[in-house]
Amino acid sequence: MKTYFSAGALLLGFLLLGLSASAQDKNFYIFLCFGQSNMEGNAKIEPQDTVNVNPRFQVMEAVNCPDLGRTKGNWYTAVPPLCRCKTGLTPADYFGRELVANLPEKVRVGVINVAIGGCKIELFDKDHYESYVTTVPGWMKNFISQYDGNPYARLVEMAKLAQKDGVIKGILLHQGESNTNDTLWTKKVKVVYDNLMHDLDLKPRKVPLLAGETVNADQDGICASMNKIIATLPQTIKNAHVISSAGCTDAADNLHFDAAGYRELGKRYATQMLTLLGYKPITTN
């Protein structure tokens with residue numbers, strides 16, 4: 001009797017494991033987004049940005065937003081804001097929209113956006129972020145505190161939850177303005193990328209890093225000189241790809257993109273990702 005019970009319990013255990021494993025949808029493509037204000041979203045969200053969002057495009061909320069009816073760690077249809085509760089339009093918005101418009105109906109897209117306006121890449125270095133945080137202004141510390149003082153750890157925490165539901169297919173970065181002319185930037189980005197690969201048990205050859213340029217010189221971008229450094233990122237990270245900002249319109253401060261600029265930049269991120277996934281993008285309006 002004991003033998004039969006043990007065998008039955010063992011079989012039940014395997015069945016439960018199988019059910020747990022099957023909960024992960026291989027057709028749920030997840031993308032991690034991080035950076036500073038241009039990933040956080042600086043432009044005002046316009047009416048066109050809040051309508052016709054395909055429910056196949058999801059966002060995992062990384063902070064609690066009671067006014068939006070969202071709870072940290074849960075998935076929602078990706079109606080902006082996609083970063084924190086009161087942030088603006090980001091490249092991630094139209095990245096996701098463009099992907100679901102071009103991918104098969106069975107594929108869903110999820111984004112997790114953890115970004116802090118004004119921060120240097122050092123904020124996402126898990127071994128040295130604490131010393132960097134001591135140097136930042138109070139307003140930035142307030143934003144950082146929404147991630148319990150450690151945005152990198154929050155990104156990893158949310159990513160691990162997301163991995164139960166789907167598969168991480170890529171990482172989107174938009175950062176560099178606060179590191180303008182920092183020749184060590186590419187190496188600092190590699191530290192963050194390598195840590196993500198290790199902490200999330202990801203294979204670099206399967207998880208590309210897409211890095212967007214700062215506001216371009218053709219828009220009088222005040223940090224446009226940083227684009228020469230960003231252009232060299234693929235020399236440091238083999239699976240890195242640079243997303244051009246040429247022609248993406250910007251705000252009056254020449255530091256942030258405007259809403260139209262974010263839409264276009266997001267679509268360019270998507271075009272690159274679709275190509276890497278083996279799809280030929282069809283331009284959408």
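V59 stands opposite V111 in β4. That pairing belongs to strand β2, residues 57-60, which joins β4, residues 108-115, through 3 bridges. The model is predicted. In this model an open sheet of 7 strands has mixed pairing. The largest pocket holds about 310 Å³ of space.

**Strand β2 and its partners**

- β2 and β4 run parallel.
- V59 has its bridge partner in β3 at Y76.

- β3 (75-77) and β7 (240-243) are the edge strands.
- Each edge strand pairs on one side only.
- From one strand to the next, the twist averages 25°.

**Strand β1**

- Is β1 enclosed or open to the outside? 8 of the 8 residues of β1 are buried, so the strand is largely enclosed by the rest of the structure.
- Buried here means under 20% relative accessible area.
- F28, I30, L32 and F34 point one way from β1.
- Y29, F31, C33 and G35 point the other way.
- In a regular strand the side chains alternate between the two faces of the sheet.
- β1 runs parallel to β4, and 8 bridges join them.
- F28 stands opposite R108 in β4.
- β1 also pairs with β5 in the parallel sense, over 7 bridges.
- G35 has H174 as its bridge partner in β5.

- Helix α6, residues 151-163, lies across β1 (28-35), β2, β3, β4 and β5.
- α6 runs at about 165° to β4.
- R154 has its place in helix α6.
- Is R154 buried or exposed? R154 counts as buried, because its relative accessibility is 3% and the cut-off is under 20%.
- Which residues does R154 touch, leaving aside neighbours within four places in sequence? R154 is in contact with A62, V63, K72, Q146, Y147 and D148.

**The largest pocket**

- 18 residues line the largest pocket.
- V167, I168, L202, K206 and V207 lie nearest its centre.
- Two elements, β5 (167-174) and α10 (259-276), are those that give two or more residues to the lining.
- β5 gives the most, with 3 residues.
- By class, the lining has 9 nonpolar, 4 polar and 5 charged residues.
- Rolling a probe the size of a water molecule over the atoms shows where empty space is left.

**Loops and backbone points**

- K106 lies in the loop between α3 (91-102) and β4.
- K106 is exposed, because its relative accessible area is 59% and the cut-off is over 50%.
- How far apart are K106 and S131 in sequence and in space? They are 25 residues apart in sequence and 45 Å apart in space, C-alpha to C-alpha.
- A cis peptide bond joins P80 and P81, with omega at about 10°.
- P81 is found in the loop between β3 and α3.
- N181 has a positive phi, near 70°, in a residue other than glycine.
- The place of N181 is the loop between β5 and α7 (185-199).
- D220 also has a positive phi in a residue other than glycine, near 60°.
- D220 lies in the loop between β6 (209-212) and α8 (226-230).
- Is D220 buried or exposed? D220 counts as exposed, because its relative accessibility is 58% and exposed means over 50%.

Notes
Residues are numbered from 1 along each chain as its sequence is written. This is a predicted model: local features need pLDDT of at least 70, side-chain atom pairs count only at pLDDT 80 or more; totals for chains, interfaces and linings use all residues. Side-chain values use heavy atoms; hydrogens and water are left out. On a 1 Å grid over the protein atoms alone, a cavity is a set of points where a 1.4 Å probe fits but cannot get out, and a pocket is an open set with protein on both sides within 12 Å along at least five of seven lines; lining residues have an atom within 4 Å of a point. Grid points are joined across faces, edges and corners, and a volume is the space filled by probe spheres set on the points. Helices (H or I, at least four residues) and strands (E, at least two) are DSSP runs, numbered from the N terminus. Ala, Val, Leu, Ile, Met, Phe, Trp, Tyr, Cys and Pro count as nonpolar, Asp, Glu, Lys and Arg as charged, and the others, Gly among them, as polar. Two strands pair if DSSP finds at least two bridges between them. Axes are lines fitted to C-alpha atoms, for helices over the stretch in contact, and angles run from 0 to 180 degrees between N-to-C directions. Contact means heavy atoms within 4.5 Å. Buried means under 20% relative accessible area, exposed over 50%, partly exposed in between (1.4 Å probe, protein chains only).
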